[in-house]
Each structure stands twice: as structure tokens, then as C-alpha cells.
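Subject: Structure handover

Hello,

Here is the structure for your set. Please load it first, then read the notes below.

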Amino acid sequence: MKSMRGKAASCQQGISLIEVLAAMLILAIGLLGLLAMQTRGVQLNQAAYFQSQAMFMAHDIIERMRANDGALDSYAIELEDFGDADAGYCDDADSACSAAEMAASDLYQWKTTIGDLFPQGDASVTLGTPSGNLQPVTVQVQYLYGELASYQLESML
């Protein structure tokens, strides 16, 4: 009986190298899955950041237009048109800027900020046909994030 116990104990003295390798393979596959999830999470976070910034910038120009409603027609601008760099800055109520000069200043500052915020960022403001006291406005902000992405806001001023 003693010889049987000794034989069984000598066969199972520790884990084999194959078991260690199999455990490390399973662990490596799990860590690669976590790494892929982390990478995708960072990508989605960046996409959400760009989308929220585009939304903020679209609302920004709408609010600038609302504050300067005497020159709404001056706010129309196309993609790839960066406004008048010589428009100056009409930053406060004490400046002697006309409504059109304020609009030119707003557009230049807005388009410059969009160019700084986004890779290949650009934007446009399109004015529709007025209906009574209201005028439809469409703001489009474009940027490159893997492919061309866009945010569009439609409002009535």
C-alpha cells in the first residue's frame, strides 16, 4: 500500500510548463481585448468631443446673429470663405462699429476659431427667405475625423 501512495504523489508534483503557457495565452487574449476596448473608447470620446464642439460653434454664431439682428444678411458665408481679416474686432458695446462691421468681425472670429478647433474645419451660414418677422438660418460646421463629418443647425431668427 505504501508503494501506491508514493507513486501517485510523484506524478503530481507541480504544474507543467504547458499549463503555464496555456494560462498565459488566455491572459494575453484577455488583455488584447481590453486594449482594443480602450482604444475604441478613446476614439469614440474624441468623436463626441468634436461633435459637441461643432454644436457649440453653431449655437455661437446663432447667438451672435441674434445679438446683431440689424445685419442678418451680412452673416451669410460659404464654405471655404474665411471672411474679412481686416474686419477688426468689435468686442464691446463701446466700440464704434456698425452692424455690418460687427457681423464681419463676428464671422472672422468664428471662422478662425473653427479652423483652430477642428482638423480641416470649415463652416457656412445660409439665410433662407424671410417669412414675416422670422428668417430661417442654416449653420453647417464641417471637420475631418477619419472622414468628413458635419453638424447642421437650423433656426429661425
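A definition first: helices and strands here are DSSP runs, numbered from the N terminus, with at least four residues (H or I) for a helix and at least two (E) for a strand. By that count, D86 sits in the loop between α2 and α3. Please keep in mind that this is a predicted model.

Overall layout

The protein has 3 helices and 3 strands. Along the sequence they follow the pattern α-α-α-β-β-β. There are 157 residues, and 27% of them count as buried. Take the contacts with a separation of 6 or more: residues 24 or more positions apart account for 55% of these.

The sheet

The 3 strands make an open sheet. Their order is β1-β2-β3, and the pairing is antiparallel. β1 and β3 stand at the edges with a single partner strand each, so one side of each has no neighbour in the sheet. From one strand to the next, the twist averages 15 degrees.

Now the pairings. β1 and β2 pair over 6 bridges. Within this part of the sheet, V125 stands opposite V139 in β2. β2 and β3 are joined by 10 bridges and run antiparallel. Y143 has A149 in β3 as its bridge partner. These two strands, β2 and β3, form a hairpin with 1 residue between them. G146 is in the turn and has a positive phi of about 80 degrees.

Helices against the sheet

α2 lies across β1, β2 and β3, and runs at about 150 degrees to β2. α3 lies across β1 and β2, at about 145 degrees to β1.

Helix against helix

How do α2 and α3 sit relative to one another, and at what angle do their axes cross? The axes come within 11 Å and cross at roughly 175 degrees. Angles over 145 degrees count as roughly antiparallel, so α2 is roughly antiparallel to α3.

From α2 come Y49, F50, Q53, M57, D60, I61 and R64. From α3 come D106, L107, Q109, W110, T113, I114 and L117. By type, the residues of this contact divide into 8 nonpolar, 3 polar and 3 charged.

The core

Nonpolar side chains tend to be buried together in soluble globular proteins. In this model, the largest nonpolar core has 27 residues. M65, W110, V139 and V141 have the most contacts inside it. At least two core residues each come from α2 (17-67), α3 (99-117), β1 (122-127), β2 (136-145) and β3 (147-156). The largest share, 7 residues, is from α2.

S124 next. This residue lies in strand β1, where 5 of the 6 residues are buried. Is S124 buried or exposed? Its relative accessible area is 6%. The cut-off for buried is under 20%, so S124 counts as buried. What surrounds S124, apart from neighbours within four places in sequence? The contacts are I77, E78, L79, W110, T138, V139 and Q140.

Loops worth a look

Back to D86. Its relative accessible area is 70%. Exposed means over 50%, so D86 is exposed. D86 and A104 are 18 residues apart in sequence. In space they are 9.0 Å apart, C-alpha to C-alpha.

Two backbone angles deserve a check. Most residues other than glycine have a negative phi. E80 is not a glycine, yet has a positive phi of about 70 degrees. E80 is in the loop between α2 and α3. With a relative accessible area of 68%, E80 is exposed.

The other is Q120. Its phi is near 55 degrees, again positive in a residue other than glycine. Q120 lies in the loop between α3 and β1. At 62% relative accessibility, Q120 counts as exposed.

Best regards

Conventions:
Residues numbered from 1 in each chain as written. Heavy atoms only, no water. Core = buried A, V, L, I, M, F, W, Y, C linked by side-chain atoms within 4.5 Å. Buried < 20%, exposed > 50% of the residue type's maximum accessible area, 1.4 Å probe, protein only. Contact = heavy atoms within 4.5 Å. Pairing = 2+ DSSP bridges. Axes fitted to C-alpha atoms, helices over the stretch in contact; angles between N-to-C directions. Parallel < 35°, antiparallel > 145°, perpendicular 65-115°, else oblique. Nonpolar A, V, L, I, M, F, W, Y, C, P; charged D, E, K, R; others polar.
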